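Visitor: I'm new to this structure and would like a close look at a single part of it. Could you show it to me first?

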Amino acid sequence: MREVLSIAADWVRERRPFALATVVDVAGSAPRGVGAAMIVDGEGRIAGNVSGGCVESAVAAAALECLDDGAVRALHFGIAGDAVFEVGLMCGGSIEVVVQLVEPDGDLAGALCLLEGRERAGMPATLTLPLEAGTSRRPVVVTADPGVPDAAVVEVLHERDRPPERVLRVGVGSPPRLIIVGAVEFAVALSRLAIATGRRVTVVDPRTAFLTPDRFAGAELVAAWPDAYLRGAELDGRTAVCVLSHDAKLDEPALTVALGSAAGYVGAMGSRSTDADRRSRLARAGVASRDLERLRSPIGLDLGGHTPDETALSILAEIVAVLRGGSGSPLRERTGPIHGNHAGLTVAAAPGVACGVAPS
């Protein structure tokens, strides 16, 4: 839902009614998970999506009907049949989509605007969205605990003197972090790509001449020695640390701290010979062998790229694979469902930290 929040808030401020369509149930393989959302206004303008494109037209049509009569709709889509024009999922799974009216002065409009503000400010918050037609429950936004992953889950509430009701809980304001050590050109490309994928990016470098907002638009810039910054940072299993400075004075102290932390991914740029020398020096400096085994160096997956942008893509691909529990191998060489195998966030093992899975 966070993908449509800014546009939804704009439409509310423009006093434009629209319909909100949200995925509330997924079975089997499906392109999008619970919480994926699409909004449609009365002129047929659309933002977001609820599948890979195979059911969007049907959902948009239902959204326009919702705008006409205000009625909540629950749409179910399964496997597409043989008929060319039959609406269904091509991926073999099934989804349920709930369509609701958002009126400019309504409770849902206010909740979406509040949620968008929290997301923009990086303040963790959770929206509880009632899903049943005719419910008297109101959507509510509450402050969430820092460090709790963004998540979207459907719960059934059982309360005295009320029938069971489903609600969707959507979390925002706590995106996964990427900390980049070294304001080099590869860092510029990686920062840009990571921000585009919804990550909160921090670039750390004591050399202020390289650490400029025009190079790192949208990133938090920290002029400090990386090891000092990392000691005071909150590094958890959703945090990736990429050491790209290629300067031993910056690299090795930063890696010593990062490898001893709970960061889910720690990678460093350098050739194989640089990596071997670096590992030897880190070991002599007292870094434990189990921590050195966590180091992703040389950094990135083998995509065959050469440019900073291509290198950034290989680094981010490895981060996603490690944190999501993916193999990094071509999908055509694997069996089983394409979607859903790695729906959670796999937390990498770190000293004193148990492995676990958190919602995406």
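Visitor: Which residues in α4 meet which residues in α9?

Guide: Let's start with what we are looking at. This is a predicted model, where local features need pLDDT of at least 70, side-chain atom pairs count only at pLDDT 80 or more, and totals for chains, interfaces and linings use all residues. Residues are numbered from 1 along each chain as its sequence is written, and side-chain values use heavy atoms, with hydrogens and water left out.

Now to your helices. On the α4 side you'll find E185, F186, A189, L190, R192, L193 and A194, and they meet P308, D309, T311, A312, L313, I315 and L316 in α9. Contact here means heavy atoms within 4.5 Å. Helices (H or I, at least four residues) and strands (E, at least two) are DSSP runs, numbered from the N terminus. Sorted by class, this contact has ten nonpolar, one polar and three charged residues. Ala, Val, Leu, Ile, Met, Phe, Trp, Tyr, Cys and Pro count as nonpolar, Asp, Glu, Lys and Arg as charged, and the others, Gly among them, as polar.

How do the two helices lie? The axes of α4 (residues 185–196) and α9 come within 8 Å and cross at roughly 55 degrees. Axes are lines fitted to C-alpha atoms, for helices over the stretch in contact, and angles run from 0 to 180 degrees between N-to-C directions. That makes α4 and α9 oblique to each other, since angles under 35 degrees count as roughly parallel, over 145 as roughly antiparallel, 65 to 115 as roughly perpendicular and the rest as oblique. Their crossing is right-handed, meaning the near helix is turned clockwise from the far one by less than a right angle.

Six strands form an open sheet in the order β12-β11-β10-β13-β14-β15, with parallel pairing; two strands pair if DSSP finds at least two bridges between them. At the edges stand β12 (220–222) and β15 (295–296), each with a single partner strand, so one side of each has no neighbour in the sheet. Strand β10 (residues 177–181) runs parallel to β13 (residues 239–243), and five bridges join them. Within that pair, L178 has A240 in β13 as its bridge partner. Helix α6 (residues 248–259) packs on this sheet, touching β10, β13, β14 (265–268) and β15, with its direction at about 165 degrees to that of β14. Helix α9 (residues 308–324) also packs on the sheet, where it touches β10, β13, β14 and β15, and its direction makes about 155 degrees with that of β14.
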